[in-house]
Amino acid sequence: VELQIPQHTNRFARRYEHDGPTICLLLGGSGPYRVYPTISTWIKIIRALNDSFPNLRIYLTGVRKSEKGRTATSGYTDGRIDKILKTFRNVVDCYDIGLWNQLAIIKQSDVFLSPHSGFGFLAPCVNTPWLTISGGNWPEYFFNHVPFYSVMPDNPEFPYLGNLESRDENGRPRRIPDMQPHKLEKKIPEIIEGTRLLMTKSFTYEAALKRHRLNIQRANVRRDKVHLGPFF
């Protein structure tokens, strides 16, 4: 599947061209904040990326407010988004620029980085490798013959397959195990490794699929519920 980007959006994206490695970053999807990485964890991930890839530019994208029923990165408030933008000089605000403009930015990026999100499935449709911070209800299953890397959680209950429910002893919702900082931040070296692989031209789709299957064998997850290859 290949999405054709309109010419005017390609022109829009050219103003963001950068002579160096580029990552388009989506903090989370339309779910609550507790099912995605915390801002403090994202800051540690971005700092590690900057240390590993000189002259890196990161395009931070999403939608601040839902309009006409469309999904938004609702768990991340303006304050949380601004904290990242103010912390790093190389992070560019690409929020609320429109869907096609988002896709044009993703298309010209070397890597798309996000937790598991329906929006993330669009990245391989514009031929951009997707580095996924896996966790929660669903494993990745649409790869579109484009290189990819899924950082698996350390959680024998993953994936929850629609039954995600994480509450404290008082019955209140709490951060899901996969996104708790003390667990996810142990995965930062693998996030860096996955990014490096995806920025390497020799890391083909076939190599990505082989590595994915090896990672599943090593992971502390429900292996029989994680797809070894594309679901369709």
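The largest cavity has a volume of about 70 Å³, where a cavity is a set of points on a 1 Å grid over the protein atoms alone at which a 1.4 Å probe fits but cannot get out, and a volume is the space filled by probe spheres set on the points, joined across faces, edges and corners. The model is predicted, so that local features need pLDDT of at least 70 and side-chain atom pairs count only at pLDDT 80 or more, while totals for chains, interfaces and linings use all residues. Residues are numbered from 1 along each chain as its sequence is written, and side-chain values use heavy atoms, with hydrogens and water left out.

- Lining residues, which have an atom within 4 Å of a point, include Ile133, Met152, Asp178 and Lys187 for the largest cavity.
- That lining divides into 6 nonpolar, 2 polar and 4 charged residues, with Ala, Val, Leu, Ile, Met, Phe, Trp, Tyr, Cys and Pro counted as nonpolar, Asp, Glu, Lys and Arg as charged, and the others, Gly among them, as polar.
- The second largest cavity holds about 50 Å³ of space, and its lining has 8 nonpolar, 2 polar and 1 charged residues.

**Open pockets**

- The largest pocket, an open set with protein on both sides within 12 Å along at least five of seven lines, has a volume of about 740 Å³.
- Its lining comprises 32 residues, with Gly29, Ser30, Thr71, Ala72 and Phe119 nearest the centre.
- The second largest pocket, of about 310 Å³, is lined by 16 residues, Asp110 and Lys201 being among those nearest its centre.
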